[in-house]
Amino acid sequence: MCSSYVLVTIIVRDLRFTEMAAVVLSLDPKLVKGDWNGAGGHCNYSTKSMRNDGGHEVIKKAIDKLMEKAHICSYGEGNERIVTGQHDTIDIHTFSWQEEEEAAIAASSSSAHRRPAMVSARNYSHATYLPPYFSVAPMMEWTDVHYRTMARLISKHAWLYTEMLAAETIVYQKDNLDRFLYFPPEQHPIVLQIGGSNLENLAKATQLANIYKYDEINFNCGCPSPRVAGHGCFGARLMLDPKFVAEAMSVIAANTDVPVSVKCRIGVDDHDSYNELCDFIYKVSSQSPTRHFIIHSRKALLNGISPAENRSIPPLKYEYFYGLLRDFPDLRFTINGGINTIDEVSAARKAGAHGVMVGRAAFNNPWNTLGHVDTAIYGAPSSSVTRRQILKEFEAYGETVLGKYGLKPNVRDVAKPLLSLFYAQPGNSLWKRKADAAFMHCKTMKSFFEETLVAIPDFVLDAPVGAPPLGSKDPFANIHTLLPPPYESREQELQYA
């Protein structure tokens, strides 16, 4: 009450001054229309407790209060025009403690003399991590817990995704969940991707997953596999039913307190126009809490071609992705599809992408892909880590998980992601042949490495990450000249579609 009295007193005093000067005093947060950093008006403030030792936690509690609708409404009328998620701000409708610090990172990155702040995980109180500028795509039978362990040893900041898990699998395996959902805490930040078309099971699966403390839950609307989009009736097929996707996202969000996101294609079969993609994004984002979309920049063909062909036959249309950035400035978009090198990741981000997701390159050539993420994308100091050091740590991990579920996992299961660690290096072919033979009889990771690593020269094992492989010609150099016409939402029509 006292602070309100002071504010009123200041306003009355300033009104008198402005009347004398024949000018108008306004509390409008954005008097001048503009789309640039600083176009809005605001006032920064802090309390004494925020500036004292332990002030970090006081600030966090204040932001948590503002997340409640009643408090953010008290922040002031019209602020939704400046707190948009653009220009170092957060989204007034969806912001969180994590997004607040992400905005601080974006603001600090423009100065060469300021190191990026760390982002606090909302549900992993002992962890700090940076935003998802780079993430590894969810890949069935590839991005399992063993691959993610290797990936985290190489990159400390890349966001990792699980394989897609069907909601039904989680529900029906509720007494055996560790086998599907457990991960070592070192794998944070990590996103659980789920799929399904039954709202009740999606709710139950989300509830069951909560105890594992994933940092985000992603809903699969992009998988073109016949088992998923065909008989399963989910994955990419769900793009044809945005109303259901919005309901599903609302159900998932209602059963977790971590952010939610959608991964989708740019279209399905003949439903591949830019306007149809925008209709999907508009409906899902306006009728659910979803504010982050991962866009695979190809459409999905559900007419019988294989998942592998769906990654190459439909053409890439990056212009659709960058059109979404223009037409939905209050949302966050991560680009996926056809990006294979760190140079291309940097180019996509330079063109405006909030984040970049890489798939096969991060699995087929992990050392030269993930090995540059922390320095080139996150600005961390160069690391002198070597493959020998990575393998020593991985060996210790592997010994703890072998046979954890009876006969599984075995040495082959655990060591599978390592087969690409020496991509294009001397001794790689011999190493793979020795590994295949060792899988037949080795019972420990130590014996596996003793039998196989003799194929790799010491200078390869002991060398730090070298120069990043060169990308192709910048695929995003002229992308903003190729954008489709701006989207105009058919709000009333879409509301009842």
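**Helix packing around helix 11**

In this predicted model, helix 11 passes helix 12 in a crossing that is right-handed. The two helices, the latter spanning residues 274-286, pack with their axes 8 Å apart and at an angle of about 30 degrees; since angles under 35 degrees count as roughly parallel, helix 11 and helix 12 are therefore roughly parallel to each other. On the side of helix 11, the contact is formed by Pro242, Lys243, Val245, Ala246 and Met249, while helix 12 contributes Phe280, Lys283 and Val284. Sorted by class, the residues of this contact comprise six nonpolar and two charged ones, with no polar residue.

Helix 11, which covers residues 242-254, also packs with helix 9, which covers residues 199-209, and the axes of these two helices come within 9 Å and cross at roughly 30 degrees. Helix 9 and helix 11 are therefore likewise described as roughly parallel to each other, and the crossing in which helix 9 passes helix 11 is right-handed. Here Leu199, Leu202, Ala203 and Thr206 of helix 9 meet Phe244, Glu247, Ala248, Val251 and Ile252 of helix 11. The residues of the contact between helix 9 and helix 11 divide into seven nonpolar, one polar and one charged.

Because residues under 20% relative accessible area are classed as buried, Cys223, at 16% relative accessibility, counts as buried. Cys278 is also buried, with a relative accessible area of 0%.

Notes
Residues numbered from 1 in each chain as written. Predicted model: local features only at pLDDT ≥ 70, side-chain atom pairs only at ≥ 80, totals over all residues. Heavy atoms only, no water. Axes fitted to C-alpha atoms, helices over the stretch in contact; angles between N-to-C directions. Helix = DSSP H or I, 4+ residues; strand = E, 2+ residues; numbered from the N terminus. Parallel < 35°, antiparallel > 145°, perpendicular 65-115°, else oblique. Left-handed = near helix turned anticlockwise from the far one by under 90°. Contact = heavy atoms within 4.5 Å. Nonpolar A, V, L, I, M, F, W, Y, C, P; charged D, E, K, R; others polar. Buried < 20%, exposed > 50% of the residue type's maximum accessible area, 1.4 Å probe, protein only.
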